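I opened this model to look up its rings, its metal site and its pocket. My entries follow in the order I made them.

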Amino acid sequence: MAVLPIVIAPLPVLSARAREIQPHEFGPELATLASDMAETMYAAPGVGLAAPQVNDGRRLIVIDSSSGDERGTRLFRMANPSITARGDETIEWQETCLSVPEIEVWVTRAKHITVNWQDPATGEAMTEDFEEYEAVIVQHELDHLEGTVLLDRVSSFKRGRWVRKMKKVRQAIPAK
Ligand code: ZN
């Protein structure tokens with residue numbers, strides 16, 4: 001397992017629609033990528049990560065809402081995830097993103113969702129209901145697969161200010 005570098009917006013891989021994982025891609029290699037993504041998420045630390053955030057343009061996400069002693073108990077690795085049902089109730093959450101550091105955005109999401117996905121190792125079809133915080137996380141990661149990041153949800157003024165600030169931060173890191 002390995003901790004992968006997380007890419008920062010704005011970047012083409014983060015704004016493109018991720019592609020469907022094909023049947024021949026399921027197996028140990030995809031399972032390793034999912035495990036590496038989970039390790040990267042735990043190291044950050046974060047509660048979710050989408051493949052485009054580690055510069056891989058495929059429909060693969062990991063989430064884990066658990067914390068403290070229970071960390072690791074709510075890990076889901078999802079290939080080709082999709083929401084098949086959503087309740088009418090909504091929930092507002094102040095979201096953050098590892099690819100958009102230092103920005104917090106209130107987002108309205110469905111409170112209850114049903115998600116279908118495939119197991120990265122076997123391709124087996126899975127389904128589960130998620131609610132509240134976990135539903136928020138899944139919907140945030142699914143946004144990544146559609147090429148949407150939190151930066152797209154803020155005003156152009158705030159976005160411009162953030163991009164300039166990040167440029168300065170990057171320039172301050174000495175080139176190797
Ligand atoms: Zn994110």
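**Entry 1: aromatic pairs.** I looked for ring pairs and found 4 aromatic pairs in the structure. Rings of Phe, Tyr and Trp (its six-membered ring) pair if their centres lie within 6.5 Å; planes under 30 degrees apart are stacked, over 60 edge-to-face, the rest tilted. I checked Phe76 and Phe130: the centres are 5.0 Å apart and the planes stand at 85 degrees, so this pair is edge-to-face. Phe76 sits in strand β3 (residues 75-86) and Phe130 in strand β7 (residues 125-131), so the pair ties together parts 54 residues apart in sequence. Helices (H or I, at least four residues) and strands (E, at least two) are DSSP runs, numbered from the N terminus. Both Phe76 and Phe130 are buried. Buried means under 20% relative accessible area, exposed over 50%, and partly exposed in between, with a 1.4 Å probe and protein chains only.

Next I took Trp93 and Tyr133, which are stacked at 4.8 Å centre to centre with 15 degrees between the planes. Trp93 belongs to strand β4 and Tyr133 to helix α3, so this pair ties together parts 40 residues apart in sequence. Trp93 is partly exposed at 29% relative accessibility. Tyr133 is partly exposed at 30%. I also noted one aromatic cluster, formed by Phe76, Trp117 and Phe130.

**Entry 2: basis of the model.** I noted that this is a predicted model, where local features need pLDDT of at least 70 and side-chain atom pairs count only at pLDDT 80 or more, while totals for chains, interfaces and linings use all residues. Residues are numbered from 1 along each chain as its sequence is written, and side-chain values use heavy atoms, with hydrogens and water left out.

**Entry 3: zinc.** Which residues coordinate the zinc ion? I found Cys97 (SG), His140 (NE2) and His144 (NE2), at 2.0 to 2.2 Å. Cys97 lies in strand β4 (residues 90-97) and His140 in helix α3 (residues 132-145), so the pair ties together parts 43 residues apart in sequence. The donor spacing reads C-x42-H-x3-H. Donors are N, O and S atoms within 2.8 Å of the metal (3.2 Å for Na, K and Ca); water is not among the atoms, so sites may look incomplete. Cys97 and His140 are both buried.

Entry 4: I found Glu95 in strand β4. Glu95 is buried at 4% relative accessibility. Contact means heavy atoms within 4.5 Å. Asp143 is in helix α3. Asp143 is buried, with a relative accessible area of 16%.

**Entry 5: helix α2.** I checked the length of helix α2 (residues 28-43). Its 16 residues should span 22 Å at 1.5 Å a residue, and the end C-alpha atoms are 22 Å apart, which agrees. The expected span is 1.5 Å times one less than the number of residues. Its buried residues include Leu30, Leu33, Met37 and Met41. Among what covers them are β1 (48-50), β2 (60-64) and β3.

**Entry 6: largest pocket.** I read a volume of about 270 Å³ for the largest pocket. Of its 17 lining residues, Val47, Thr96, Cys97, His140 and Glu141 are the closest to the centre. Helix α3 gives the most to the lining, with 6 residues. A pocket is an open set of points on a 1 Å grid where a 1.4 Å probe fits, with protein on both sides within 12 Å along at least five of seven lines; lining residues have an atom within 4 Å of a point.

Methods. Grid points are joined across faces, edges and corners, and a volume is the space filled by probe spheres set on the points.
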